[in-house]
Amino acid sequence: MVASEIRALFAVAARPEVVSLAGGMPYISALPLDAVGEMAGQLIADRGAVALQYGSGQGDPGLREGICEVMSLEGIRAHPDEVVVTVGSQQALDLITRIFVDPGDVVLAEGPSYVGALGTFASYEADVVHVPMDDDGLIPDALAAVLARLGRRPKFLYTCPSFHNPAGVSLSGPRRAEILGICQRAGLPVVEDNPYGLLGFDGEPGRALRADDPQVIYLGTFSKTIAPGLRVGWAVAPAGVRDKLVLAAESAVLCHSSFAQLLVREYLASQPWREQVKVFRELYRERRDAMLDSLQASLPAGCRWTTPGGGFYVWLGLPPGLDAKAMLPRAIAARVAYVPGTGFYADGAGLDHLRLSYCYPEPDRIREGVRRLAGVIDAELELRATFGPTR
Ligand code: PMP
């Protein structure tokens, strides 16, 4: 296990003078914190003996009912018995990998992929093989080609089809059926990681992969729609995997926080959570627009970036010859932070890309951050013109 690029960055990026476009922290101040605080107090006063007691490995049944209602917004029809509560979706990733992967086993993952998933796969000594994406998400032909050339059967495909971290793109409708078809024919389990599915900026949420294939192992979380500090996520999986998940969860944590689970259950039952998700969507849309407008206005020719329809991230490609990792200390000196693309690949790729997040800073700070970043890229281009490519 080694420290991720993001971890090393958090300390520097947290300085107030730095505009951090690095971390993916949700904007918790937009939650009705007073109401949540009142609920928390009431919960302890009324049901403290249960809320502060041990619970079950699968999670609170009432919360699992609420989770099924949340998932129905993306077309998923699941029974509460099919749901296993986890400590954020990060723990679900860990448990799934623990169940499926022995050292040296192959896991397929989009290139790029979420850094936290790659960290988990590495800790179980998986051999990650990336499958390329484009603006419509994972490329079906590329997946078929990787499967044909591998010669070994991968343990699963890890994919984040909606508002991808870090690429900011979504798997198009036609490709969803294609990818599911390829995986079904190859007997390849699909792990769908979907923290951002409800945070689309245009219209109603789309359909999750799990909505069209009950064999898909689905990971969800309240980290982006309520708050990550609660650490409540979940997995939905076919019966055999689900039973193992409960055993693995029990061995990892005995049970999840009863208090956090009951708080989320109460929040779903008594607060206007659908409206609150809309509040988040509007807020993040405004920030996405601030970022895209200022990228357009200030970045030099040769840069290219994705246009996210939801979620938290823009994936930015640098002009040829520039190195996002080498440039980072100069960006920090110019008081702007990002995550170099290499963190999102298991194989050293991604030097010419970086991830920008727009979820946390106010729009004015985003504009200022992008202005600073543009200055840094301009200076790198001048260096390259004088001394040749930095890589
Ligand atoms: N998957 C993806 C794609 C993420 O972006 C994140 C958080 N950044 C997670 C999983 C983990 O989230 P949590 O454990 O808070 O649910």
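The text below takes the sheet, the helix and the ligand shell in turn.

The model is a predicted one, in which local features need pLDDT of at least 70 and side-chain atom pairs count only at pLDDT 80 or more, while totals for chains, interfaces and linings use all residues. Residues are numbered from 1 along each chain as its sequence is written.

Helices (H or I, at least four residues) and strands (E, at least two) are DSSP runs, numbered from the N terminus. Eight strands form an open sheet with mixed pairing, in the order E2-E9-E8-E7-E6-E3-E4-E5, where two strands pair if DSSP finds at least two bridges between them. Strand E2 (83–86) and E5 stand at the edges and have a single partner strand each, so one side of each is left without a neighbour in the sheet.

Within this sheet, E6 pairs in the parallel sense with strand E3 (residues 106–111) over three bridges, and E6 and E7 likewise pair in the parallel sense over three bridges. The residues that stand opposite each other in these pairings include the following.

| Residue | Stands opposite |
|---|---|
| Ala-109 | Tyr-158 in E6 |
| Leu-108 | Leu-157 in E6 |
| Leu-157 | Val-190 in E7 |

Both faces of E6 are covered, with Phe-156 and Tyr-158 buried on one side and Leu-157 and Thr-159 buried on the other; a residue is buried if 20 or more other C-beta atoms lie within 10 Å of its own, exposed if 12 or fewer, and partly exposed in between, with C-beta atoms placed from the backbone.

The buried residues of H7 are Arg-176, Ile-179 and Cys-183. They cover an arc of only 70° around the axis, which puts them on the same side of H7, the arc being that of the directions from the helix axis to the C-beta atoms. These buried residues pack against strand E5 (137–138), helix H6 (140–150), strand E6 (156–159), strand E7 (190–193) and helix H8 (209–212), contact being taken as C-beta atoms, placed from the backbone, within 7 Å. The face of H7 turned away from the buried side carries the exposed residues Pro-174, Gln-184 and Arg-185. Just after H7, Gly-187 takes a positive phi of about 65°.

The ligand is surrounded by 14 residues, of which the closest are Gly-88, Ser-89, Gln-90, Thr-221 and Ser-223; a residue is near a molecule if its C-beta atom, placed from the backbone, lies within 6 Å of it. Helix H4 (residues 88–100) supplies the largest share of this shell, three residues.

Terms used
Two residues are in contact if their C-beta atoms, placed from the backbone, lie within 7 Å.
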